[in-house]
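Good morning, everyone. Please look at the structure on the screen while I talk you through a few parts of it.

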Amino acid sequence: MENKIELEKLRHSTSHVMAQAVLELFPGTKLAIGPAIEDGFYYDFNSPRTFLPEDLEKIEQKMKEIVKNDHKFTSREMSKEEAKKFFGERNEKYKVELLENIPDEKVTLYQDGDFIDLCRGPHIESTKQIKHFKLLSVAGAYWRGDEKREQLQRIYGTVFPTKEELADYLNKLEEAKKRDHRKLGVQLDLFSTHEQVGAGLVHWHPKGTIIRNIIENLWKEEHTKHGYQLVSTPHIASEEIYKTSGHLEKYSDMIYSPMDIDGRPFRVKPMNCPNHIMIYKTKLHSYRELPVRYAELGTVYRYEKSGVLHGLLRVRGFTIDDAHIFCKLDQLEQEMLNIFDFTIKFLQTFGFREYDIYLATKPEKFVGSEENWAKAIDSLKNAMEKTKYPYRIDEGGGAFYGPKVDIKIKDVLGRAWQCSTIQFDFNLAERFDITYRDESGKDERVFMIHRALLGSMERFFGVLIEHYAGAFPLWLSPVQVVVINISESQKDYAENVTVSLKNEGIRAESDLSNERLNYKIREATVNKIPYIVIVGDKEKQSRKVSARHSGRDIGQFELNEFIEKLKSELKQKINNT
RNA sequence: GCCGAAGUAGUUCAGUGGUAGAACGCUUUCUUGGUAAGAAAGAGGUCGUGGGUUCAAUUCCCACCUUCGGCUCCA
């Protein structure tokens with residue numbers, strides 16, 4: 001813990017030194033704020049200079065000088081009014097605005113060398129302690145995080161107590177870059193987007209589609225086992241339905257413009273819930289039937305601002321692994337528990353074993369009764385307590401229509417990704433007047449849950465690519481085995497082996513190209529194919545195969561023996577589900 | 001949407017006010033090679049799109065599209 005505080009002091013002090021360097025290099029620059037953040041620090045500036053990537057090096061050089069000069073960090077207290085005058089004279093309008101929002105009468109200023117900044121501190125003793133730092137990027141950022149206010153220039157950087165830690169961190173960034181799903185998507189021929197089609201609209205290539213289909217098939221199977229009924233609904237709907245749901249009013253920015261069909265406005269669907277509700281409402285439901293669970297891999301289209309689009313993680317057309325559960329209030333807790341277990345089990349299939357779980361409670365603006373909110377939150381909490389998984393409360397972070405539990409999955413690099421979400425909904429049940437008939441023959445309001453295990457196929461695929469760095473486990477690999485002949489005389493045998501593997505349901509390909517063995521092994525390796533089968537004259541004569549796995553020669557096998565090996569590995573994976 | 005950067009061959013990139021180049025990939029030929037790149041030849045580009053300046057624009061200017069780093073947003 002002590003270390004953490006020290007680290008934060010170091011980061012924060014480095015941000016001061018950076019600001020100091022920027023002021024020296026680019027006079028006229030105004031200071032905004034410069035906090036320590038996870039993994040480093042930033043400082044926001046309003047500068048006549050538009051910072052270029054090349055400037056970062058200059059700033060780093062200047063920082064090194066300041067560090068060398070061994071300036072002590074000293075603090076002094078002054079009254080708020082004094083401080084306002086001080087910064088006012090220096091034309092530091094952001095500092096003055098900050099001061100106006102500080103309730104205390106006294107404030108502290110920190111100084112190192114000629115540089116003085118409004119700052120709560122604490123700081124390290126001297127700039128000399130800043131040894132291992134690096135400036136990373138320039139970006140725009142709104143003053144006070146408000147998009148209506150002016151945009152500042154933000155410089156991000158990082159700093160560590162030791163050279164090794166800095167090197168480790170920079171390596172981690174490099175590693176993350178190598179795993180970038182956008183890069184691997186091209187390299188491994190998994191997906192693409194096209195300027196001619198439009199931003200955020202994903203094309204899944206054959207190899208990506210193989211993976212998607214494996215996930216979808218498993219998803220459907222598991223949902224059937226877990227008491228869900230699969231449904232399928234249209235991609236466009238009369239605007240009417242989104243008026244009823246309230247989405248048109250609340251989220252009009254997100255929903256694409258109407259198209260005219262027979263003089264009626266239609267919309268491309270932005271969510272699946274209204275359609276599932278339509279199916280629910282086609283008949284009367286007895287309390288005995290509940291919970292009713294409809295699941296659909298439902299493709300939706302939403303207008304996302306151009307600047308937020310990001311590979312597969314933020315797109316405009318995507319398939320939600322959606323389900324809606326219609327139940328009674330007293331079933332909420334059990335349903336929640338079921339969904340949570342199901343989600344975790346499903347995520348574990350893909351090797352995600354660490355989670356950040358958030359339970360989001362009632363926001364300021366909400367629909368539904370206080371009473372129902374309280375009961376629903378109780379059910380969520382009770383269920384979460386029973387799961388024994390640690391979770392955090394996100395106070396006021398719920399949707400306006402209900403509380404929710406979000407599960408962020410952590411990949412091998414420890415990065416968290418929002419995928420799964422379980423949301424209660426007090427809004428739609430009311431608006432669509434969905435009911436069930438209770439024991440006494442009375443119609444009662446249904447409680448509705450939205451949930452997605454993976455979030456969307458697109459986002460989950462993106463996370464999955466980065467998680468595995470494109471080296472998918474055997475059961476997900478688009479190509480599981482590549483069969484390589486050493487020279488032309490084993491072409492026939494290699495083809496036979498490939499066909500035998502294919503007949504056993506193994507995704508095998510042969511590489512019979514006129515290249516050397518080394519070349520073909522390299523090719524298969526960079527394409528991250530799990531098993532490489534090599535057949536030369538020796539294998540052809542003995543009717544065996546040689547195999548490679550994870551970059552190593554794993555010896556010779558009878559063909560049947562090799563097939564059994566693959567099958568048992570696949571079986572094991574699926575049993576882990 | 002906002003601030004900034006960028007868009008040249010299938011991919012990764014170099015380059016230029018006088019209509020372009022490398023590497024890998026692809027095709028063909030030679031090579032028949034035993035565990036991460038054998039050799040040669042060839043094909044391949046409306047230099048993101050539209051407009052402007054100019055004798056001449058891929059290069060300069062403007063707009064738009066797309067991508068990237070962030071911000072804001074994310075039912």
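This is a predicted model: local features need pLDDT of at least 70, side-chain atom pairs count only at pLDDT 80 or more; totals for chains, interfaces and linings use all residues.

Start with RNA strand B. It has 56 residues around it. Which of them come nearest? They are Gly140, Met254, Gly307, Ser487 and Gly536. Several elements supply at least two residues each to this surface, among them β7 (132-142), β10 (198-204) and α17 (537-542). Helix α16 gives the most, with seven residues. By class, the surface has 19 nonpolar, 22 polar and 15 charged residues.

Now the cores. In soluble globular proteins, nonpolar side chains tend to be buried together. Here the largest nonpolar core has 66 residues. Met336, Leu380, Ile409, Met448, Phe460 and Phe461 have the most contacts inside that core. Which helix gives the most to this core? Helix α11, residues 332-349, with seven residues. A second core is separate and has 26 residues, including Val17, Tyr94, Ile130 and Val159. Back to Phe461 for a moment. Beyond its neighbours within four places in sequence, Phe461 is in contact with Gly208, Ile211, Arg212 and Leu312.

Last stop: strands β24 (residues 481-485) and β25. They pair in the parallel sense, over four bridges. Ile484 stands opposite Asp511 in β25. With helix α15, residues 491-503, the two strands make a right-handed β-α-β unit.

Look along β25, residues 508-511. Which side chains are buried there? Ala508 and Ser510 are, and they point to one face.

Technical notes
Residues are numbered from 1 along each chain as its sequence is written. Chains are lettered from A and ligands numbered from 1 in the order in which they are written. A residue is near a molecule or strand if its C-beta atom, placed from the backbone, lies within 6 Å of it. Ala, Val, Leu, Ile, Met, Phe, Trp, Tyr, Cys and Pro count as nonpolar, Asp, Glu, Lys and Arg as charged, and the others, Gly among them, as polar. A nonpolar core is a set of buried Ala, Val, Leu, Ile, Met, Phe, Trp, Tyr and Cys residues joined through C-beta atoms within 7 Å. A residue is buried if 20 or more other C-beta atoms lie within 10 Å of its own, exposed if 12 or fewer, and partly exposed in between; C-beta atoms are placed from the backbone. Two residues are in contact if their C-beta atoms, placed from the backbone, lie within 7 Å. Two strands pair if DSSP finds at least two bridges between them. A crossover is right-handed if, with the strands pointing away from the viewer, the path from the first strand over the helix to the second runs clockwise.
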